[in-house]
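Reader: I am new to this structure and would like to learn how to read it. Could we go through some features one by one?

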Amino acid sequence: MSQILQAIRGMNDILPEEAELWEQFEEAVRDWLRSYGYRPIRMPVVEPTPLFARAIGAVTDIVEKEMYSFTDSLNGELLTLRPEGTAGCVRAALQHNLLYDGPKRLWYQGPMFRHERPQKGRYRQFHQIGVEALGYSGPDIDAEMIQMCQRFWDDLGLKNVHLELNSLGQTEERQAHRAALIEYFSSHAALLDADAQRRLHSNPLRILDSKNPAMQDLIEKAPRLLDHLGPDSLRHFESVQVLLKDSGIPYRINPRLVRGLDYYNLTVFEWVTDSLGAQGTVCAGGRYDGLFAQLGGKSQPACGFAMGIERLLMLWQGAGGKAPPQAVDIYVVHQGEQAQRFAFRVAEGLRDNGYSVQLHCGGGNFKAQMKRADNSGAMLAAIIGEDEAAASEVTLKPLRESIEQRRVAYDQLAEAIGELLYEWDDENGGI
Ligand code: ATP
Ligand code: MG
């Protein structure tokens, strides 16, 4: 026999039990975002490669080494599996002129692709919730975005998530800082790793984002961007902090927080936990006022963040997050031709009454069918033999409680089931 084909390394199947947990999580996400006035948007998973090169920046980990890019063999177009969602979202906003009548609050979710070394919390296909406030200049929206994250952690019962905050200022301020950085790192050239040496003149800010432990000491002592901010940037940063203090959200200013993408300015933030080892950032974002113009559109202020679903789910499970039981209410077993036809009617009739029903398919004797009924986790089996079918009746057998089975006329079935399930709920302390 030939070997069974495997999924691509770092791209995971999400099996039913886990997928149910994802659905539960996604429901919480939808409710939360709706409560802040965000509307959904869905973009393609594949975009033209130049979109990411222009949006994210050529000298970044993502564009330099993490993108899944390929040539469309039919027309030679360069395409990329999206590594993140902001570029596509802004492209869509421009293409459809979404801001024609004012700013928009948008969100999306879905798979992102990065060619990284797979490990716990780091995959090649992973999933993000992306939240973008387009056309807002802040700092109010910046603070609200952070505040809404805090509410979500509270909703999920996550305790161990901390806010790190920084300001990247504006282009001219970064230029001044850049010059200081180049001078500093040049004077310590022997301590730079290969990536840093390459970036020294093309994108020295990125060196601050290095994960290389051997460079952390050097990075720690590097000139701070915060010391190069002018009055406007400082005022923006200050206003965000005032609003955060008002909402009682603790934060730590991290002057080395620069984010892995080029498009940010002013406010940047990350939510970090120490419960997930090295992959501790569960949510990251900030302001990106230059991106619309960079993608060829009319300039628009904007702010956004992305959360890593896999990492959040690990945290959530650690905090007791789980999906509610997913079993159907009723499993219908039947034997004989008339019984089968009646069973189809019974099953649909019960669904009309709002019950979830699994109709046994695939034949087999009653004993085998009852075993399936038991394994299904259903509360009740609805048993239909030729006898029942002839009399338009159904035998109800409770599967989770030691209650006598009873035979019920078809037209009283829904009511009888309602009573049975209600009785149990009552015994267990009511609904
Ligand atoms: P990291 O520093 O962990 O590589 P990043 O700065 O590259 O993260 P972003 O591009 O800001 O990450 O993406 C936002 C969030 O998406 C991250 O905070 C993280 O939770 C999640 N994320 C990013 N890359 C991955 C990945 N390869 N696997 C799983 N989750 C990821
Ligand atoms: Mg990364």
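Author: We begin with terms. Helices (H or I, at least four residues) and strands (E, at least two) are DSSP runs, numbered from the N terminus. Axes are lines fitted to C-alpha atoms, for helices over the stretch in contact, and angles run from 0 to 180 degrees between N-to-C directions. This is a predicted model, in which local features need pLDDT of at least 70, side-chain atom pairs count only at pLDDT 80 or more, and totals for chains, interfaces and linings use all residues. Residues are numbered from 1 along each chain as its sequence is written, chains are lettered from A and ligands numbered from 1 in the order in which they are written, and side-chain values use heavy atoms, with hydrogens and water left out.

Reader: At what angle do the axes of α6 and α7 cross?

Author: The angle is roughly 145°, and the axes of α6 (residues 171–186) and α7 (residues 194–202) come within 9 Å. A crossing is left-handed if the near helix is turned anticlockwise from the far one by less than a right angle, and right-handed if clockwise. The crossing of α6 and α7 is left-handed.

Reader: Which residues of α6 and α7 meet?

Author: Contact means heavy atoms within 4.5 Å. From α6 come Arg178, Ile182, Phe185 and Ser186, and from α7 come Leu200, His201 and Ser202. Sorted by class, this contact has three nonpolar, three polar and one charged residues. Here Ala, Val, Leu, Ile, Met, Phe, Trp, Tyr, Cys and Pro count as nonpolar, Asp, Glu, Lys and Arg as charged, and the others, Gly among them, as polar.

Reader: Is helix α11 largely enclosed or open?

Author: Buried means under 20% relative accessible area, exposed over 50%, and partly exposed in between (1.4 Å probe, protein chains only). Seven of the ten residues of α11 (residues 309–318) are buried, so this helix is largely enclosed by the rest of the structure. Among them are Ile309, Arg311 and Trp316. The buried residues of α11 pack against α1 (16–34), β5 (104–113), β6, α5, β10 (281–287) and β11 (302–308). Just after α11, glycine 320 has a positive phi of about 95°.

Reader: Which residues other than glycine have a positive phi?

Author: Leucine 266 is one of them, at about 45°, and serine 392 is another, at about 50°. Leucine 266 belongs to strand β9 (residues 265–272) and is buried, at 4% relative accessibility. Serine 392 sits in the loop between α14 (386–391) and β15 (393–398), where it is partly exposed at 33%.

Reader: Where is the cis peptide bond that has an omega of about 0°?

Author: That bond joins glycine 138 and proline 139. Proline 139 is in the loop between β6 (125–134) and α5 (140–156).

Reader: How many residues surround ligand 1?

Author: A residue is near a molecule if one of its heavy atoms lies within 4 Å of it. Ligand 1 is surrounded by 17 residues, the closest being Arg114, Glu116, Arg122, Arg259 and Thr281. A polar contact is a pair of N or O atoms within 3.5 Å; within protein, one must be able to donate a hydrogen and the other to accept it, and residues adjacent in sequence count only if both atoms are side-chain atoms. Threonine 281 places a backbone N or O atom 2.8 Å from an oxygen atom of ligand 1. For arginine 311, a polar side-chain atom is 3.2 Å from an oxygen atom of the ligand.
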